Amino acid sequence: MRDVIAVLEDDQRRAEAMKEEMQRLFPSARIVFFDNAPDMLEWLESGLPSVRLLCLDHDLGPNRQRQGETFDPGIGRDVAEFLATQKASCPVLIHSSNAEGAYGMQFTLEDAGWSVERVVPFDDLTWIKAQWSERVAALGQKAKT
């Protein structure tokens with residue numbers, strides 16, 4: 001059963017606001033968050049068949065320290081390119097203010113047969129309740145049926 005909503009988002013405040021909305025909309029769904037592309041890619045190798053909806057950001061911040069090493073969090077395009085090699089299996093909602101990066105992800109996924117929508121962030125966290133939540137509700141419900 002497709003009961004997972006997987007989210008790529010590096011901003012903790014955004015992630016918390018998104019999680020709150022998704023728990024309200026889909027209380028029985030399992031929600032998994034990733035703040036970097038490599039971890040999400042590793043999880044998708046086995047987790048993709050259970051995903052009802054993917055929500056992807058493009059910019060994931062600068063390199064950071066992880067376990068004493070410099071770690072590159074990648075970008076959402078890394079995930080889009082992986083997904084383009086897989087059979088389209090759920091809707092994808094891209095949320096990024098980086099227009100060029102977001103369109104690149106969208107075109108990559110659509111060319112591979114994925115259903116993709118995009119929400120442009122605005123006014124700090126306002127967009128999450130104003131637009132993103134509405135699209136998550138519609139796409140998540142559609143994917144469940």
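## Arg13 and Asp124

Arg13 is partly exposed, at a relative accessible area of 45%. The model is a predicted one, and in it the side chain of Arg13 forms a salt bridge with that of Asp124, with N and O 2.6 Å apart.

## Arg64 and Asp35

A second pair is made by Arg64 and Asp35, whose closest N and O atoms lie 3.2 Å apart in a salt bridge. Distant parts of the chain are again linked: Arg64 is in strand 4 (residues 64–66), and Asp35 is in the loop between strand 2 (30–34) and helix 2 (37–47), 29 residues apart.

Both partners fall in the partly exposed class. Arg64 has a relative accessible area of 24%, and Asp35 has one of 36%.

## Arg66 and Asp39

Strand 4 also holds Arg66, which is linked to Asp39 in helix 2 across 27 residues of the chain.

Arg66 is partly exposed, with a relative accessible area of 32%. Asp39 is also partly exposed, because its relative accessibility of 24% lies between the limits of 20% for buried and 50% for exposed.

## Overall count

The model contains eight salt bridges.

Methods. Residues numbered from 1 in each chain as written. Predicted model: local features only at pLDDT ≥ 70, side-chain atom pairs only at ≥ 80, totals over all residues. Heavy atoms only, no water. Salt bridge = Lys/Arg side-chain N within 4 Å of Asp/Glu carboxyl O. Buried < 20%, exposed > 50% of the residue type's maximum accessible area, 1.4 Å probe, protein only. Helix = DSSP H or I, 4+ residues; strand = E, 2+ residues; numbered from the N terminus.
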